[in-house]
Amino acid sequence: MPSTPPLLPRAASRFAAWCGVIVLAAAVGAVVIWLSLTLKAVVTPVLLAILGTALLGPVYGWLVRLKVNRSVAAFLTCLCVVVVVGGAGYIVVNALVDTGDQIVASVRDAAKTLSEHFGFAGTSLDDLASNAKSLLSRYGATAASEVVNGISLVAELIATAVLALLLIFFFLRDAERIARAFRSLAPASTGEAVEAMARHAFRAVAGFMHGTTLIALIDAVCITAGLLILRVPGAFGLGALVFVGAYIPFVGALLSGSIAVLVALADRGVVIGLWVLAVLIAVEAVEGHLLQPLIQSRTVQMHPAVILLAITAGAGTAGILGTLLAVPLTAAALGVLSEVRARLPPGTPPAPDPPDAPPSPQSPDGLDGGAPSGESAGGAPG
């Protein structure tokens, strides 16, 4: 009995199957993003703790190899985080406090010069002061509420940082126990694969964090040296801002460095401001053409276009926090996909034609007919 021909060609069936997989994956991703934004008070500290654990893993491992107790090693590692972050914050705040009056005076002089040069009407300092007073009297209540919101935001950030620090301690100390717990929660047949994918994703995040930290340190040192040579006020604080901003690849250091350009323009004039801009562009060029390919290619392989798209998607989804977390999460996703691809079985050969199918019009060597290659069409040897 002849077999029923398929409803769709094999290529169309495979295309429809892949479309279904993509739609399902997009739906699952949308649900995960929605849940993450809804539970951001819990998700944000966890993600920050994972990044911190990936970055500080070598320090913890070094202490453990020195026969330090695991709890003590995790505590000392977290203490290093507090010292480094607190020291950087102190440098930034101290630089801004020491040079704040000078920067404000320079900005005021620059605004006065621009208003006199271009002759803007109603832009004198007296007009600006009177307008500011009227706006303050009109929107004073709104401003007060914004101040309260700002205080609550600072309190939320402090709470998030403390929770993330505690999670870093537990992640460092109990990493193997957590991995075994995840493996036990997965079905028995897939537990090993789930653990392997999680480890691959974590290695990708760790490689990204280590490479980005090295690049950020080089950017901060180079820009700080340029600011010191050009005698720009607050050079160490501005360099610390560049170091923090460089954790957003390609655009973070440029945005944070633009603050240094504004400070140089306000305090040292247009010429020094242009020199600072030249230093910033040179450092960004070295990062994009030398540091990123040389360092990141050894830690995690991500094309710059993928990084920019991830940053754009993260900024549109979760703002500043999204820009910070987008690239590490993308690196983790690529690590999972790499592990899945490595575990897929080799492709199976195509199914043979059914027995009642007509013979192929071509022989395997591309010649017409089904006669053997050593015979003519009549069957006699050639």
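Modeller: Contact here means heavy atoms within 4.5 Å. This is a predicted model, in which local features need pLDDT of at least 70 and side-chain atom pairs count only at pLDDT 80 or more, while totals for chains, interfaces and linings use all residues. Residues are numbered from 1 along each chain as its sequence is written, and side-chain values use heavy atoms, with hydrogens and water left out.

Biologist: Which residues does histidine 210 touch, not counting residues up to four places away in sequence?

Modeller: Histidine 210 touches Ala54, Leu55 and Pro58 once those sequence neighbours are set aside. Between histidine 210 and leucine 56 the C-alpha to C-alpha distance is 9.0 Å, although 154 residues separate them in sequence. Histidine 210 has its place in helix H7, where helices (H or I, at least four residues) are DSSP runs, numbered from the N terminus.

Biologist: Is aspartate 219 buried or exposed?

Modeller: Buried means under 20% relative accessible area, exposed over 50% and partly exposed in between, with a 1.4 Å probe and protein chains only. Aspartate 219, also found in H7 (residues 191-229), is buried because its relative accessible area is 1%, whereas histidine 210, at 29%, is partly exposed. The contacts of aspartate 219, again without residues up to four places away in sequence, are Val242, Ala246, Ala253, Val283, Glu287 and Leu291.

Biologist: How do H7 and helix H11 pack?

Modeller: Two packed helices are described by the angle between their axes and the distance between the axes. The axes are lines fitted to C-alpha atoms over the stretch in contact, and angles run from 0 to 180 degrees between N-to-C directions. H7 and H11 (residues 304-343) pack at an angle of about 140 degrees, with their axes 8 Å apart. That makes H7 oblique to H11, since angles under 35 degrees count as roughly parallel, over 145 as roughly antiparallel, 65 to 115 as roughly perpendicular and the rest as oblique.

Biologist: And how should I read an aromatic pair?

Modeller: A pair of aromatic rings is described by the distance of the centres and the angle of the planes. Rings of Phe, Tyr and Trp (its six-membered ring) pair if their centres lie within 6.5 Å, and planes under 30 degrees apart count as stacked, over 60 as edge-to-face and the rest as tilted. By this rule the count is 1 aromatic pair. The rings of phenylalanine 169 and phenylalanine 170 have centres 5.3 Å apart and planes at 75 degrees, so this pair is edge-to-face.

Conventions. Helices (H or I, at least four residues) and strands (E, at least two) are DSSP runs, numbered from the N terminus.
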